[in-house]
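Q: I have not looked at this structure before. Could you take me through it?
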Amino acid sequence: MNKFQIVVVSITLLAIFISCDDQVNPKTDFKQIYVLNCVVKGDTTFQIATISHSYDTSGFDPTTNTNDPFISGAKIKLFYNDSVFVFRDSLSARQDITQYTTPIHYYYLKKFQPQDSKPISIEATLPNGTVLKSATETFSLSAFYFNNQNITYPSGTSGNAISFSWNSLDNNGPNVVIYYAPELVIFYSKIFNGVKTEFQKKVPIYYTYGGLEGPPIYPPIQVNQLSIIFQGFVIDQAMKEISQDDPNKENYTIEKAAFRLFILDKNLAAYYAAQRTFLDEFSVRFSQPDFTNISGGLGIFGTYSVKQQDIQLDNSYISSFGYNSQ
Amino acid sequence: MDHSKRNFPDKIRGNKTFLFLFTALLIIFISSFTNLYGQPKGVLRGFVADSLSGEALPYANVYIKELERGANTDNRGFFVMASVPPEKKLTVSISYVGYKSKQYIVRVDPYRVKDLRVELIPINIQLQTIEKTSQRVAKENATDLSLQRIAIRDLETLPRGVELDIFRSLQNLPGVQSGGDVSARYYVRGSTSNQNLVLLDNVTIYNPFHALGIFSSIDPDMVNSVEFYKGGFPAEYSTRLSSVLKVVTRDGNKNDFSAKASLSLLTAKMMLEGPIPHGSFILSGRKNYSDFILKKFRNSNSLPADFYDLFAKLNYSNDEFVKDAKFTISAFSSQDQIQNNNLQLEDFKWSNQAFDINYFQISDSPLFYQVDVSSSSFNGERIPNLSGAKGVNNEVSDVTMRMDFNYVYDSKNELSGGFKITEIHTKLFLENFRGQSTDIGSHGVNISAFLKYKLLQWSNLGVDIGGRVNATRLAGGGPAAFYEPRASLTYRFIPQMAFKASWGIYMQDLVTVSDENEVVTIFEPWIITPSYLNPSSAIHYIAGFEANPSQNLSLTLEGYYKIMKDLAIVNDQKYFPTDNDFIPGSGTAYGLEFQTKFHELPVDINLSYSLLYSFKDVNGVRYSPRYDSRHNVNLSFEYDFGSGWSASAVWNYSTGMPFTQIAGYYDKLQIDDLTSNYLLNSYYPFLILSDQNIGRLPDYHRLDLNLSKKIQMGNLKIYADLSLLNAYNRKNLFYFRRDTGERVDMLPFLPSASIKVEL
């Protein structure tokens, strides 16, 4: 082999060697993280918490994981009003068993309903000794009141819209921030094959392209904002959509309409807004943000209270859609 | 918003600093006059051009043998040598690579300016004895730290890839990182790409990229020279934090009509140029015709890109109309579309438009001044169709009026200054994921002035001190006025070695809405800094050595430290509509750059290495941005075989870019309805990511080879190029798809050819 051939062979071998791709894994070492979820509801005495762990899969599709990540055997304590409340362990059948077939492990607390504006905290000790903690505060419903007690729709005084306004006795001082999630709901029932089923229809605040064009937009989280207006044509559209293209309007009965005002703590408001209003907001943000307030892990510990005000729907208005009134 | 009422103490402080520096400059100014009238001296001024086309030759060497003094022409082809002893016979030598040198015997009169017009004759064979002495002498006390001057002919011998591209050529410089084969976007010394100012003559081009950013929209055939500051740029440049790329276009052939046509595997180009009464014109256009090459950049996936760019320039210079003046009108337009013809995919379109009127005047004294009125606009649109992406529509337009002057004292010192007014309008129509849109654009006016004094009277010392005061800013919080002091120093302690340093404060209040994690940025929407943020600012500290141990060898070593404050970072923790879209962040970048050049015909070797550390601090978290490539090596080798044949090879190596890895998954609680039983029923898989950019992609390296042949038959010139890109077919990883784990590599081995015909 002459010098030229040696050079050619050497260069070829070198090229083959360095042209190989380096193997690199887009995954790093698996991070074992525990997730605590608990939303303390002000409208019930039955509170629920869940704890799960993170998992990995051999590929990149997380739905291929069939090992139930929800954990039993943890000790969860709730600290409120100088008292300690201990959750109990339980199981519940899953509605969707496409990924996990086993019942879900959860924890519950009976006969606990926060009444006052006070701090509340949670501590979960897992079977392996890991501790997850979080703290927030609850609201006193009595501190919130609606400004108008009796609302009828449609009415000669309200015009072609319904306006809701409220106030808070806690709303003192410039540093007090209260998060509200308002919603207007129409409760109705439908008789199908002789069976009566109850439904709820939420009324949007507007439609994407104005008028009735585009997807509906529901009220966003309001920060210290104490009123909201639902336009009449939007309510009318919600009423129409109750029966959609069903010609048998007589099968529908409008039970009532109600305005619900959720008062959220800051954590739940952020968690709720991060996922719910992501689609609706004008933002330069590029991806859905994750939010957690769990120390030592992920998840959410939040509270809410809800105040409801019934709305009287005029019978002639209901019947104009072909529906029955209660 | 009334800026004048904000932060009054800051404004006072800023004015005091400015007044202090202004006073200092005034003193130097007066002392120079003393110098001027103390000794009788003359001035030699000249213009160097190509004898065939009349095109200015930038950075040509001028050398006065008897005085052992040298100078370089500027990017307009002008040079000025002050403090020339009068009544003496002096030998002036003019040289330029690729041209036959000329010598003139001149005699200057005291207190007079002697004008010299030089036309150099191009030659096919490069001179073996380029006047290196004059080149070295000209640079003795030049305050040019971090400045790269590139004549376009210097780029033509390097592997051109698919197309010769100025931006891609910059990526071979130490301190300049690329976003990969798929992007001509560049990152300078650890800064984001939106901190780079791109000037086409005097006009800002906001998004000068074609296709997916694979090529720049500035056709190199219309370019005469390029000046690139990697940092520490002087007071005449402003509005960006990191770097300045000034592209100076050609004037067009003043003596004869000529046409060029060229064809690559991607585009077809045409250029016409020629004389007009008392002037010249140039007209060029480029259009893509195939996506054969573009597919190679995307794992063989089709890239339905369609683009063109146009440039036109008209020059007029008539002494009977205005003596020693030049009027220039130029226009630039580029447009891109990516139309997928699939409603499940988003479409894009964007365009740049620029227009400039320039009046350049040489006075009887060694004074140059120019008045410039220009406008520039950018429109970009992302059309989501049914892809689920968010729609974006961005418009930015500016109108700028500026006046600059440069005066050379008899002492060789120089004073320059200028005044600039820019009005900018931005519109950014954002769509939410439900398709509704809103405009978050605004408008503002920036009025600024700069003054700069160059102390060049000692041959081994050069000092450049100055500053720019922004009397009003476009918008944003903080003080209404902002002062940007700049200083640069060169001290040549032995003939073969110089120490150089520069320092400066820089301000930017026009930012882009950029997703740092986006793999390919098709265009970056611009907006004026929101009023709740201070303007972004940076401080550069740069120092280095330059050595010329022999006539054929040069070495440079530079170190830098850059502090960036109030960077506008997209707020990923925006939970409520009332939360701000941007939050302030800060950054730090530091590193070392080494470059050596060896030139001994027929061989040219260029080797550079850069070490970079770049960090960003956002919300108390420090991370390395995507362009933080720790080690970079660039090696180029050129060989001139003669008879029009030449070959070159370029090898690039860089440490892998940071990326964020997957650390697992968890089932995230989804709350659609607060009253429902979501805690038992509503969970969906969610990614757990590692700390931001803690992982590193594999190292990148690539070898490109090029063979060129130039054939001349009478007036007909043919340039043929054959390139082998990624010659050893290195599989450089571009990115992983997180949802599938699919590996997407950069450009594979790709032969490419182009041909250019010039008549």
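**A first look at the two chains**

A: The secondary structure of chain B comes to six helices and 49 strands. Please keep in mind that this is a predicted model.

Q: And what does chain A have in helices and strands?
A: Chain A has four helices and 20 strands.

Q: What share of the contacts in chain B links residues 24 or more positions apart?
A: Among contacts in chain B with a separation of 6 or more, 65% are between residues 24 or more positions apart. For chain A the corresponding figure is 66%.

Q: Let us turn to domains. Which ones are assigned in chain B?
A: The assignment gives domain 1 (39-138), domain 2 (147-244) and domain 3 (245-657 + 697-758) of chain B.

Q: How far apart are the C-alpha centres of domain 1 and domain 3 of chain B?
A: Those C-alpha centres lie 30 Å apart. The contact takes 19 residues from domain 1 of chain B and 20 residues from domain 3 of chain B.

Q: Which elements of domain 1 of chain B supply that contact?
A: β1 (42-50), β4 and α2 (132-138) of chain B each supply at least two residues of the side that touches domain 3 of chain B. The most comes from β4(B), with three residues. By class, this side of domain 1 of chain B has seven nonpolar, seven polar and five charged residues.

Q: Where does β4(B) sit in its sheet?
A: β4(B) belongs to an open sheet of four strands, in the order β4-β1-β8-β6 (chain B), with mixed pairing. The edge strands are β4 (78-84) and β6 (99-100) of chain B, each of which pairs on one side only.

Q: How does β6(B) pair with β8(B)?
A: β6(B) and β8 (residues 113-122) of chain B pair in the antiparallel sense over two bridges. B:Tyr99 has B:Pro122 in β8(B) as its bridge partner.

Q: What holds paired strands together in general?
A: Strands of a sheet pair through backbone hydrogen bonds, either parallel or antiparallel.

Q: Now a hairpin, please. How many residues lie between β19(B) and β20(B)?
A: Two residues lie between them in the hairpin, and B:His278 in the turn has a positive phi of about 65°. β19 (residues 267-276) and β20 (residues 279-288) of chain B pair in the antiparallel sense over ten bridges. One bridge joins B:Ala268 to B:Lys287 in β20(B).

Q: What about β20(B) and β21(B)?
A: β20(B) also pairs with β21 (residues 305-316) of chain B, in the antiparallel sense and over nine bridges. There, B:Gly285 has B:Leu310 as its bridge partner.

Q: Next, the nonpolar cores. How many residues has the largest?
A: The largest nonpolar core has 111 residues, and those with the most contacts inside it include B:Val43, B:Met81 and B:Leu199. Apart from it lies another core, of 75 residues, among them A:Tyr179, A:Ile221, A:Ala257 and A:Phe301.

Q: What does B:Leu199 contact?
A: Beyond its neighbours within four places in sequence, B:Leu199 is in contact with B:Thr204, B:Val244, B:Leu245, B:Lys246 and B:Val247.

Q: Is B:Ile688 buried or exposed?
A: B:Ile688 counts as buried because it has 21 C-beta neighbours inside 10 Å, where 20 or more are required. B:Ile688 is placed in strand β43 (residues 683-689) of chain B.

Q: Which residues does B:Ile688 touch?
A: Leaving out residues up to four places away in sequence, B:Ile688 touches A:Lys31, A:Ile33 and A:Ser54, as well as B:Ala663, B:Gly664, B:Tyr665 and B:Tyr666. B:Tyr665 is 23 residues from B:Ile688 in sequence, with 5.2 Å between their C-alpha atoms.

Q: Back to chain A. Which residues of α2(A) are buried?
A: In helix α2 (residues 232-243) of chain A, the buried residues are A:Val234, A:Ile235 and A:Met239. They fall within an arc of 145° seen down the axis of α2(A), so they line one face of the helix.

Q: What covers the buried residues of α2(A)?
A: The cover includes β10 (151-153), β11 (161-168), β12 (179-192), β13 (195-203), β14 (206-207) and β17 (227-231) of chain A.

Definitions and conventions
Residues are numbered from 1 along each chain as its sequence is written. Chains are lettered from A and ligands numbered from 1 in the order in which they are written. This is a predicted model: local features need pLDDT of at least 70, side-chain atom pairs count only at pLDDT 80 or more; totals for chains, interfaces and linings use all residues. A residue is buried if 20 or more other C-beta atoms lie within 10 Å of its own, exposed if 12 or fewer, and partly exposed in between; C-beta atoms are placed from the backbone. The arc is that of the directions from the helix axis to the C-beta atoms. Two residues are in contact if their C-beta atoms, placed from the backbone, lie within 7 Å. Two strands pair if DSSP finds at least two bridges between them. A nonpolar core is a set of buried Ala, Val, Leu, Ile, Met, Phe, Trp, Tyr and Cys residues joined through C-beta atoms within 7 Å. Domain bounds come from an automatic or database domain assignment. Ala, Val, Leu, Ile, Met, Phe, Trp, Tyr, Cys and Pro count as nonpolar, Asp, Glu, Lys and Arg as charged, and the others, Gly among them, as polar.
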